[in-house]
Amino acid sequence: MIVCDERNPRARGMRDALIEELPENWETPEGIAIVIGGDGFLLRMIAEHGVGLAYLGLNAGHVGFLLNDGTEPARVASALVAGQFRAHAFPLLEAELTLASGEVKTVQAVNDVYLERMSGQAARLTLSVNAIVAVEELVADGLIFSTALGSTAYTFSAGGLPAHPALRALQITPICPHQPRLTPFALPPTARASVDVVHHAWRPVRAVTDGRAIDNVVAMQVRLSDRGVHLCYLDDHDFMRQMLTKVLRP
């Protein structure tokens, strides 16, 4: 399966060039989806098609941290035909959301799950880790929970620590904290975090999971899932170079 972001002219051109370079009867290996677009498009495809597939992304967006370089279609086609790529497993975030209606939803994310205020007022959040109250009442625009793979996205923009994607950690980053001035921090993969929304009736909060919003959340429990997502990278892909050149030294 080859899918591309049809709204992105560069992605369409990259798809056409790749198909032209591939042998006429070549088929995508079973269980693998080739995704051409930006990071956000890849996340949408994972949400739509599930983690039963492995995803080989080709960057037709901007940063493309989750993706392979697809600017040389002949090189990419040669690597695909020769099987010169490998699937890497990355942990997912799993969050259980309790809504104001009483409904409970379980969601998963590759990059991040965050809570953000829905009104002009700051959110007030109680943060606990492993049933220990870390912050009784955090006054902030929200809280971001991310994987190491997602740490170079919104977490990094909000002042969090970018981490090598091979690390297994739950990262927590406040969004514009007012009181107390909570610093970003990272926890081991066994950690369980929970958030209760204080005064949710007049300080409503939404959850956003890899860009998909769910309104009126009153509580959330989040952890690294036992399940993971498999992303494929060409053999010449270097995670360290990707992080240093695209994030720390853009």
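A residue counts as buried when its relative accessible area is under 20%. In this predicted model, helix α2 spans residues 39–49, and its buried residues are Asp39, Phe41, Leu42, Leu43, Met45 and Ile46. These buried residues pack against four strands: β1 (2–4), β2 (32–37), β3 (54–59) and β16. Gly50 follows α2. The phi of Gly50 is positive, near 85 degrees.

Two packed helices are described by the angle between their axes and the distance between the axes. Helix α1 covers residues 9–21 and helix α3 covers residues 73–82. The two pack at an angle of about 55 degrees, and their axes are 9 Å apart. Because of that angle, α1 is oblique to α3. The crossing of α1 past α3 is right-handed. On the α1 side, the contact is made by Ala17, Leu18 and Glu21. On the α3 side, Pro73, Ala74, Val76, Ala77 and Leu80 take part. Seven residues of this contact are nonpolar, none is polar and one is charged.

Charged pairs were examined next. Side chains of opposite charge can pair when their charged atoms come close. The whole structure holds 10 salt bridges. One of them joins the side chains of Asp5 and Arg7, with an N to O distance of 3.2 Å. The two partners differ in their surroundings. Asp5 has 10% relative accessibility, so Asp5 counts as buried. Arg7 has 63% relative accessibility and therefore counts as exposed.

Another salt bridge pairs Glu94 with Arg223, at 3.3 Å from N to O. Glu94 lies in strand β5, whereas Arg223 lies in strand β16 (residues 217–234), so this pair ties together parts that are 129 residues apart in sequence. Arg223 has a relative accessible area of 19% and is therefore buried. Arg206 and Glu116 also form a salt bridge, with N and O 3.1 Å apart. Arg206 belongs to strand β14 and Glu116 to strand β7 (residues 112–117), so the pair ties together parts that are 90 residues apart in sequence. At 21% relative accessibility, Arg206 counts as partly exposed. Salt bridges that share partners also join Glu6, Arg15 and Asp16 into one network.

Strand β5, the strand of Glu94, also contains Arg86. This strand runs over residues 85–99. Arg86 counts as exposed because its relative accessibility is 52%, and the cut-off for exposed is over 50%. Arg86 and Cys232 are 146 residues apart in sequence. In space, their C-alpha atoms are 5.3 Å apart. Apart from neighbours within four places in sequence, Arg86 is in contact with Leu231, Cys232, Tyr233 and Asp235.

Strand β14 spans residues 205–209 and includes Thr209. The relative accessible area of Thr209 is 1%, so Thr209 is buried. With neighbours within four places in sequence left aside, Thr209 is in contact with Val107, Gln108, Ala109, Asp112 and Val113. Asp210 is found in the loop between β14 and β15 (212–214). Asp210 is not a glycine, yet its phi is positive, at about 50 degrees. Asp210 counts as buried because its relative accessibility is 12%.

The phi of Cys176 is near 45 degrees, a positive value in a residue other than glycine. With a relative accessibility of 54%, Cys176 therefore counts as exposed. Pro180 also lies in the loop between β11 (170–175) and β12 (185–187). A cis peptide bond joins Gln179 to Pro180. The omega of this bond is about -10 degrees.

Key:
Residues numbered from 1 in each chain as written. Predicted model: local features only at pLDDT ≥ 70, side-chain atom pairs only at ≥ 80, totals over all residues. Heavy atoms only, no water. Buried < 20%, exposed > 50% of the residue type's maximum accessible area, 1.4 Å probe, protein only. Contact = heavy atoms within 4.5 Å. Axes fitted to C-alpha atoms, helices over the stretch in contact; angles between N-to-C directions. Parallel < 35°, antiparallel > 145°, perpendicular 65-115°, else oblique. Left-handed = near helix turned anticlockwise from the far one by under 90°. Nonpolar A, V, L, I, M, F, W, Y, C, P; charged D, E, K, R; others polar. Salt bridge = Lys/Arg side-chain N within 4 Å of Asp/Glu carboxyl O.
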